[in-house]
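Morning, everyone. Please look at the structure on the screen, and I'll take you through a few of its strands.

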Amino acid sequence: MTKYQSTKVTHVSRFSKRRQKPRSLSQVTPTQDDINNRNDQLIKYVNRNTTRTISIDLYSLSRQQTTLTNHLTPNDFSLTVDDRKISSKKRKRKRNELFSWRKICCSLPCTISLATFSALALATIAVGIYTAIIGQTRTSVVANTTTSTVTSTTTVTTTSTTTTVITFCWNSTGKTVAGITLSPGLTPHQLSLPFGVKVDSSNTIYIADRYNNRVQKWLMDAPNGTTAAGQSNGATGIGLNYLMEPANIEVAPNGDIYVVERLNNRVVKWTSDASNGTLIAGTGAVNDQFNEPHGIASDWSSGTIYVSDYANHRVVQYLLSNTTSGKVVAGGNGAGTAINQLYFPVGIYFDSSSNSLFIANIGSHTIVRWVIGASNWTLVVGVTGSAGITSTQLNSPGDVTFDWMGNMYVADVNNDRIQFFQAGQSNGTTIAGVTLVPGSNSNLLSDLYAFANESVGSPIVSTTSGQFSGFTIRQTNVWIGIPYAAPPIGILRWQKAQPYVITDINNSTIQNATHYSPSCPQIERVGITSGLFDEDCLYLNIWAPRTSPSNSSRGYPVMLWIHGGGLQEGSSTQIIYDGLSWTNAAIQENNSFIIVSINYRLNVMGFFVQSALTDANGQAIANQGITDQRMAMKWIQDNIGQFGGDKNSITLAGQSGGSYSVCIHIVSPLSAGLFHAGIMESGSCDIPFYMYDKQFAYSVTNDLASRVGCNMTNSTQQLTCLRNINSTQLITTMRNVSIPLSTSLIFKDQLKVIQVYPFNFIVDGVEIPTHPLQLFLTGTFNRVPTLLGVTHDEFVLRVIYEEYVYPPNSTEDYLTRILPIMTYNQSEIEALYNPNLFNGNYSKAFVALMSQGAFICGARRMAGYMANQPTYLYTYNHAPESFWLSLPSLIICPVSA
């Protein structure tokens, strides 16, 4: 019998960080009528966390003269909170709405402090209802010569005869003004991953409806939006009548819309009621190229736009009178935290009075100011390279904007909040959201598990990691984000996975297992692997039948899913890995089983070796990600019975990098007995290309160390230095390390075709005793039933996106560069992949060569090694229409030259 019980409980979520975050902010210039007549203002932010366009209804701000004779209110402005959510294809869906937060009119200072506000907010959340509207106050004194800031009390200091007191108050809740909470879709009243938002002078909202590949125009209080750019049906492509993942927008005074397209790497102008756009920037010319552009700002008085070129770490200026060439005006010196560098700039704001750009520098956790024409930035708020939750710190700020008084608003993405900074001040106040508390209700800027709104119960389970409450959804109980290993931070960075230890505070507390954990650090690719990344990432998710197993059985069989991503990226939070549909379908077929998915360390954080990094026996510590997976297997052995599972019926399953991992556990004696069957989807571990020896690994580590300022000769000092380097800097820098000169010529040749990840499997003699090929050939592996296979055209997406390979650009290039290298100059093999056999299409020949050589043949070899045990081989030849028809550009092979 299972040990969990179903009950309604109230408790505090265990996570201090969440994946969906506020992102972008936008400003609207006030009209005189706004200033004279309006008594409230609207800050709108898009909460991508919940996949709804979140409309945050702002509050009115009262400007009060000490003589109490004049009362003025500011203009309307908008704040777009764009959450880095995941791709609808690969991760859970989001809150899909525009949310509005209203600022309460405060003619007298509020008496509730920020601490009181937070405590009361949490208390009311716990009982599921708000019993009062609670405000928080910031008061400043504005004189005609000086400005001073006072506390939230009523004490005011004046420095001249004319003193203006400005009191700021905000509601603790917001309301949805566009989209439907947790319901992405293509209908006029739905949104899918809203990203950027702008509001014009008539209070019309423009929303970058990212995964619907369109811009929606939404009149205030209207039930539906209309498509202002792109196709209303979500169709995408490279033609000027399409958009491809619009990231942000700018609305000109004449109503023209300037749209930044992340995947098309361009800026396009759409006029009112136009059926297609006009290319403004991103033609592909030498001085007109982008790499994932995100933000846009404007100076309409001079006809200038500024575009944040995210992956090129720069901001580019374009004169609308001549957009054939852009000019780098900020950054452009590589990724980094030096004063002449930017680090993944996202949101930008142009201040005409100082001719400056204010830049949300997401990688360095700061807002910086860069004067046009200057060679470096000055810090505005945040601590360079250091994320945090204090009033002076930020964590991955996604956007920035200002009001007419010079006060600044920052979408503090990974802290789940909007921060307010009075003019000239570096201490912020949270005005929307609750720091590090995500959610989908009206006071939070993040969402729960994607299907939380369907829950009808809260099953509680006791584990070696503590007690956790989850969801009951249809026929399945779900727990999201249970820790299975100690956080690999501080001295535990790069150590083998260690058991999780319950802290005193969690010993008797029922914790919420309702939010996904952060993903392990990796290169962020928006829409694919985007969101909150943190080294504290070793968590798992469980989907189990809500009905206890019969008394006659030992429990339900269990599948442990290991996500893909080439050991470089990926996360258990991706929506395509959600286990709910699998378990419910299996229950309907009377074949119930339990699914467990995990995060594990990746890239330089998870496949790293250094000469001072050894265990108690003096053996090298490496392949940390493999030790994470094994620790999860041990956790399942100890706990799965509590969920109704059979610890003697564990199947390891994985795709791509997850498949490689399953293969490693099959050959590793350390994993023997922890699993009983394997499923390998698109990946084997018998090829030499991604299996490095220790000398190779030591070399790339030393090269990395020299690039981040840790090039000391003492290995212990070097290791200490590397542990003090921010993980974001390590991951960004690892892409530039040099391959050792001693590497074989065959390996170096393959670098001309395939991208190499320098931090990958290491034959360390412990986790991987010797090369897996040798172990398979000698029959030295764990003999378990195995299902393995591939898809027919594995490489088609890699060719189109050029993410893992350098594909041919002509028939000649294919015949002279690709074919000799990838066939090892074997003429009989070359003949099988000549373009003449593929109707002259060199791209089809290349896809066939790489798919069969790297995947299909590998699966057949693996099946051969294991032929003396139950082994099953498959090949997928059909692409699901529901996926491919939504992305028609992906199934069009490149045209041959």
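β15 runs antiparallel to strand β16, residues 257-261, and five bridges join the two. Find N248 and look across. Its bridge partner in β16 is V260.

Keep in mind that this is a predicted model.

Now widen the view. β15 and β16 belong to an open sheet of four strands. The order is β15-β16-β17-β18, and the pairing is antiparallel. Which strands sit at the edges? They are β15, residues 246-251, and β18, residues 278-281. Each of these pairs on one side only. From one strand to the next, the twist averages 30°.

Next stop, further along the chain. Strand β31 covers residues 459-463, and strand β32 covers residues 466-469. They pair antiparallel over four bridges. Together they make a hairpin, with two residues between the strands. T463 faces G466 of β32.

β32 has another pairing to show. In which sense does β32 pair with strand β35, parallel or antiparallel? Parallel, over three bridges, with β35 spanning residues 510-512. Here Q467 has I510 of β35 as its bridge partner.

Now the whole chain. The protein chain has 897 residues, and 59% of them count as buried. It holds 16 helices and 44 strands. Take the contacts between residues at least 6 apart in sequence: 68% of those join residues at least 24 apart. Last, the surface. The accessible area of the protein chain is about 33,400 Å². Carbon and sulfur atoms account for 52% of that.

That's my tour. Thanks.

Terms used
Residues are numbered from 1 along each chain as its sequence is written. This is a predicted model: local features need pLDDT of at least 70, side-chain atom pairs count only at pLDDT 80 or more; totals for chains, interfaces and linings use all residues. Side-chain values use heavy atoms; hydrogens and water are left out. Two strands pair if DSSP finds at least two bridges between them. Axes are lines fitted to C-alpha atoms, for helices over the stretch in contact, and angles run from 0 to 180 degrees between N-to-C directions. Buried means under 20% relative accessible area, exposed over 50%, partly exposed in between (1.4 Å probe, protein chains only). Contact means heavy atoms within 4.5 Å. Accessible areas come from the Shrake-Rupley method with a 1.4 Å probe; for residues, only the protein chains shown count as cover.
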